[in-house]
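Subject: Handover of a structure

Hello,

I am passing this structure on to you. Please look it over first; my notes follow below it.

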Amino acid sequence: MEPKQPTNLPAWLQAPASTTSHATRVTFWQRNQRHLRALLRRLAQPAPAIQPRWHLAPQINLIRLLLLVLLIALIQNAVLLWCLALLLGFQLLWLPPGQLRRFVRSWLFSSVVAVIIVLPSYWLNGPATLLFFSLKTSLMLANAQYYRLTTPFQDLLSGLKSLHFPDVLIMTLAIAVTYLRMLGQHLLLTMEALETRTVAPTKHPYRLIGAMFGNLYLKSYAYALELYAAMEARGFNGHYVRSTPTHSHWRDYLSLSPDLLVLILFVLWRP
Amino acid sequence: MALINLVNLCYDYPNTTGLDHLNLTINAGEFVCLMGPNGSGKSTLMKILSGLASPKSGDYQLDGQAITAAYLADAQRRQRLHQKIGVVFQNTDVQLFNTSVAEEIAFGPRQLGLSAAAIEQRVTDCLQLTDCEALRERVPYQLSGGEKKRVALASVLALNPEILLLDEPLNGLTIAAQQQILTLLQRLQSAGKTIIMASHNFQQVQAVGQRFIIFNSLHQISADMTAADLQRQPDRQTQLMTL
């Protein structure tokens with residue numbers, strides 16, 4: 001059917017728009033819009049922001065992190081913990097000031113959250129225990145934050161693949177993270193579109209939130225079906241293959257030596 | 001009269017440039033086409049003009065009022081800006097979030113505090129203007145791409161904005177539907193609205209555009225010319241055809 005030509009413009013559309021002025025009753029929704037947008041923007045951005053000075057093979061990076069977390073969890077000796085802290089400090093020395101600030105910010109935030117939420121049981125055992133476990137937890141979190149900020153998500157997947165983690169796990173992780181970013185981007189754009197049509201405080205903000213998330217659910221469902229169909233159409237058979245196999249260099253193994261040294265000390269040293 | 005005035009405007013994305021020292025004046029009632037290859041900065045400019053992003057440096061003045069980050073931080077002033085400028089996004093999927101097309105169009109007028117009869121009048125008029133009467137009770141999510149574009153335009157028109165920013169509004173439409181939208185836009189311009197339309201398809205807009213602002217891949221304006229100037233430059237037209 002041929003589309004009709006538009007009818008003449010109605011009188012209200014030809015009249016100059018009168019800008020209305022509303023009382024600004026700031027709702028919870030409007031107060032938090034900026035924070036939500038900032039969060040979604042971060043979610044929609046590809047990681048990482050910090051470039052490490054030495055680029056190690058992904059699997060070595062991952063082994064290193066696991067080894068460090070394990071050591072910090074097991075070590076009860078303050079000198080060895082100090083050695084591990086020095087090792088991390090040495091790596092941080094090479095970061096530019098801006099990136100170091102970013103690291104410190106996210107590390108402090110996660111440490112405070114851990115101390116408040118995860119560690120209250122230690123509070124009952126006296127200040128010395130609390131201090132010791134708080135230090136151990138923040139050291140663990142500092143290493144994890146450093147890994148998170150310096151490792152692209154693709155490197156994590158490559159590391160897992162090289163360490164022979166199950167394909168299903170890697171693929172689920174890959175799709176989940178990519179998907180999360182995509183949905184974050186969709187929600188961010190929806191909020192921007194909503195903002196351009198928000199000319200007064202919304203009377204029913206929670207109804208709007210419901211409609212937006214309902215739409216997001218429908219969208220994610222449709223995306224999932226399309227994604228699977230596209231994967232099948234390109235010959236997906238359940239086996240997840242990384243395009244570039246990663247090889248370890250002797251320098252990668254050498255980078256593990258300080259951590260291995262601490263491990264040996266941990267096993268052999270009985271003060 | 002200068003409605004929009006941009007002086008040395010720069011905008012950066014985390015790893016790339018969005019706009020590089022843009023100088024531009026747009027008068028009230030103009031029909032301006034922003035042309036250029038993908039990623040040249042057309043949509044970024046739209047975002048800044050609509051108040052969704054603040055420039056890194058440079059000045060943006062709308063109707064003599066400087067639109068700064070401090071201005072945009074004030075909710076009431078931002079809402080006044082949104083009432084003045086209507087935006088149709090490139091991806092209209094994100095623009096429709098209500099449960100029916102009629103509700104979608106009524107969303108803006110309802111916030112303006114209009115009476116029920118006035119809201120109904122605006123909904124009916126906008127549905128007629130965009131040839132969407134048959135879609136009135138449909139769920140926006142289930143519409144086709146072209147139908148979504150028309151509903152998005154209707155929902156923006158319902159607010160009676162002074163300036164219309166349209167980001168690739170003709171993509172995904174049939175030739176007849178494109179013509180219909182262009183005729184509507186011309187009528188809106190005759191009624192005094194300022195139309196700013198981004199497109200990378202010169203054939204779609206050459207008949208209606210009065211002024212063509214051409215972006216290059218360096219995120220700068222490489223040419224700013226009237227339709228009459230463009231008529232005299234066949235080489236430039238050929239270049240635009242191949243964007």
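UniProt positions are given here in the numbering used for this structure, feature names are shortened, and an annotation may be inferred rather than shown by experiment. With that in mind, an unreviewed UniProt entry lists residues 4–242 of chain B under "domain: ABC transporter". Please also note that this is a predicted model.

Chain B

The span 4–242 of chain B is 39% helix and 25% strand, and its end C-alpha atoms lie 29 Å apart. Chain B as a whole has 10 helices and 10 strands. Its radius of gyration is 18 Å, close to the 18 Å that the globule rule gives for 243 residues, so chain B is as compact as a globular protein of that length. Taken along the principal axes, the C-alpha atoms of chain B fill a box of roughly 50 × 40 × 35 Å. Of the 243 residues in chain B, 49% are buried. If one takes the contacts in chain B between residues at least 6 apart in sequence, 68% of them join residues at least 24 apart.

In α4(B), 9 of the 11 residues are buried, which leaves the helix mostly covered. The buried residues are V101(B), A102(B), E104(B), I105(B), A106(B), F107(B), G108(B), P109(B) and Q111(B). Their cover includes α5 and α6 of chain B. After α4(B) comes G113(B), with a positive phi near 80°.

α5(B) has 14 residues and reaches 20 Å from its first C-alpha to its last, close to the 20 Å expected at 1.5 Å a residue. Its buried residues are I119(B), R122(B), V123(B), D125(B), C126(B), L127(B) and L129(B). What do the buried residues of α5(B) pack against? They pack against α4, α6 and α7 of chain B, together with α1 (11–14) of chain A. D131(B) follows α5(B) and has a positive phi, near 55°.

Chain A

Chain A is divided into domain 1 (54–151 + 243–271) and domain 2 (166–240). The C-alpha centres of these two domains lie 34 Å apart. The UniProt annotation "transmembrane region", from an unreviewed entry, covers residues 62–95, 107–124 and 168–188 of chain A. Residues 62–95 of chain A are 85% helix and 0% strand, with end C-alpha atoms 20 Å apart. Residues 168–188 of chain A are 100% helix and 0% strand, and there the end C-alpha atoms lie 30 Å apart.

Where the chains meet

In the contact between the chains, 43 residues of chain B meet 36 residues of chain A. On the side of chain B that touches chain A, at least two residues each come from α3 (75–84), α4 (101–111), α5 (116–129), α6 (145–157) and α7 (175–190). By class, that side of chain B has 19 nonpolar, 17 polar and 7 charged residues.

One residue on the chain A side is A211(A), which sits in helix α10 (residues 205–233) of chain A. Is A211(A) buried or partly exposed? A residue counts as buried if 20 or more other C-beta atoms lie within 10 Å of its own, and as exposed if 12 or fewer do. A211(A) has 19 other C-beta atoms within 10 Å, so A211(A) is partly exposed. Leaving out residues up to four places away in sequence, A211(A) touches F97(B), N98(B) and T99(B).

Regards

Note on methods: Residues numbered from 1 in each chain as written. Chains lettered and ligands numbered in written order. Predicted model: local features only at pLDDT ≥ 70, side-chain atom pairs only at ≥ 80, totals over all residues. Domains from an automatic or database assignment. Contact = placed C-beta atoms within 7 Å. Helix = DSSP H or I, 4+ residues; strand = E, 2+ residues; numbered from the N terminus. Nonpolar A, V, L, I, M, F, W, Y, C, P; charged D, E, K, R; others polar. Expected span 1.5 Å × (residues − 1). Rg over C-alpha atoms; globule rule 2.2 N^0.38 Å.
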